[in-house]
Amino acid sequence: MGHDTHVQAKSKKQFEYDRHHNAMHMRKQVINFAIMIFLTFVAFAVVVADFSPYFIKPVILLLAGIQVVLQLYSFMHMDDKKASHMGVIATFVWSGVLIIFPVFLTFVTIIWW
Amino acid sequence: MEHTKFTPQTWPDKAEQATMEGRNKFVGIWIFICSDITLFASVFATYLSLKDKGPAGMEFSAAELFELPLAFVMTMLLLTSSLTSVYAMYHLKNHNFKGVQIWMSITVLLGLGFLALEIYEFYHYVHIGFGYTQSAFSSAFFTLVGTHGLHVVIGLVWIVCLIVRNAKRGLNLYNAPKYYAASIFWHFIDVVWVFIFTVVYLMGVLG
């Protein structure tokens, strides 16, 4: 029952359109992957280049943030508004982040050794 | 139905969410990931507050311990495995089962490469005396990176099971959501690693 759906053959035009659409989407994913690899290189490069840590730390954290958003919205399809329950999912993800952030902040600021 | 045979022409759009079961799996894996976000945030916070802390005269510090070339290769392996599982999902959309199996297998191989390097790294640390109980720093480090490693192991076992169990079944609406959920979990492993290589390795080398 849970695995049932209505089976319908696509017209030739629709089939070709969907194929093309999927291929275009895949090309976009590869571009996003190239951006992630590039950001990774930059992150390693600025550390190896030995700039001041006060400059490097915010930069590599920012690069990590961009990479994660790319992963979530591109590879993990959070950009897909038509996906089932995407509103619920986005609410859960960001409220999870919101709830845990004060915990994180507490640990790194007022807990000491 | 589980036994309905599809062709590329009859394969529905968003096949992984075409059934109630598929939609449930999709929301389910995401809710699990949200709980995992809080788990990893806690071990990250623990690591940051205990970094370089330990008994007086402790000889190990992050700046001396971590080596960037190894972390770089591990990052590249895991990032690439993320792309190969995107390729698998592309073939899933086109109802090309062989493509799904091949790209998922490549994902597993890259994941195994990552895992092998991580085991080598841990073995090396323990060998030079930086064991789990050596200091607060070492416990926090192994807990954080080890928890991620455990996720990699679980992801690999999961994907291998999918590949083996569905080898003769072909692609249908019963197993498409399973592949899709595994791929989302695999991407999440990569998301966590992005933070690990930034916060542990890059910022560790900076001291």
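Which residues of chain B does the UniProt annotation "transmembrane region" cover? The unreviewed entry places it on residues 27–50, 70–90, 102–120, 140–164 and 184–204 of chain B. Keep in mind as you look around that this is a predicted model.

Two of those annotated stretches can be set side by side:

Let's start with the fold of chain B. Its secondary structure amounts to six helices and zero strands, giving the pattern α-α-α-α-α-α along the sequence. Taken along the principal axes, the C-alpha atoms of chain B fill a box of roughly 70 × 30 × 25 Å. Of the 207 residues in chain B, 44% are buried. Among the contacts in chain B with a separation of 6 or more, 80% join residues 24 or more positions apart.

Helix H1(B) deserves a visit of its own. It has 31 residues, which at 1.5 Å a residue should span 45 Å; the end C-alpha atoms of H1(B) are 45 Å apart, so the two values agree. The buried residues in H1(B) include Trp30(B), Ile33(B), Ile37(B), Phe44(B) and Tyr47(B). Lys25(B) is buried in this helix too. What do the buried residues of H1(B) pack against? Their partners are H3 of chain A, together with helix H5 (136–165) and H6 of chain B. After H1(B) comes Asp52(B), with a positive phi near 65 degrees.

Now for the meeting of the two chains. The contact draws 53 residues from chain B and 50 residues from chain A. On the side of chain B that touches chain A, helix H1 (20–50), helix H3 (68–93) and helix H6 (176–206) of chain B are the elements giving two or more residues. H1(B) gives the most, with 18 residues. By residue type, this side of chain B divides into 32 nonpolar, 14 polar and seven charged.

Chain A, finally, is divided into domain 1 (12–79) and domain 2 (84–113). The C-alpha centres of these two domains of chain A lie 22 Å apart. As for confidence, chain A averages a pLDDT of 88, and 94% of the residues score at least 70. Among the elements of chain A, helix H1 (residues 12–48) has the highest mean pLDDT (93) and helix H3 (residues 86–110) the lowest (88).

Technical notes. Residues numbered from 1 in each chain as written. Chains lettered and ligands numbered in written order. Predicted model: local features only at pLDDT ≥ 70, side-chain atom pairs only at ≥ 80, totals over all residues. Contact = placed C-beta atoms within 7 Å. Helix = DSSP H or I, 4+ residues; strand = E, 2+ residues; numbered from the N terminus. Nonpolar A, V, L, I, M, F, W, Y, C, P; charged D, E, K, R; others polar. pLDDT = per-residue confidence, 0-100. UniProt positions renumbered as here; feature names shortened; annotations may be inferred. Domains from an automatic or database assignment. Expected span 1.5 Å × (residues − 1). Buried ≥ 20, exposed ≤ 12 C-beta atoms within 10 Å, placed from the backbone.
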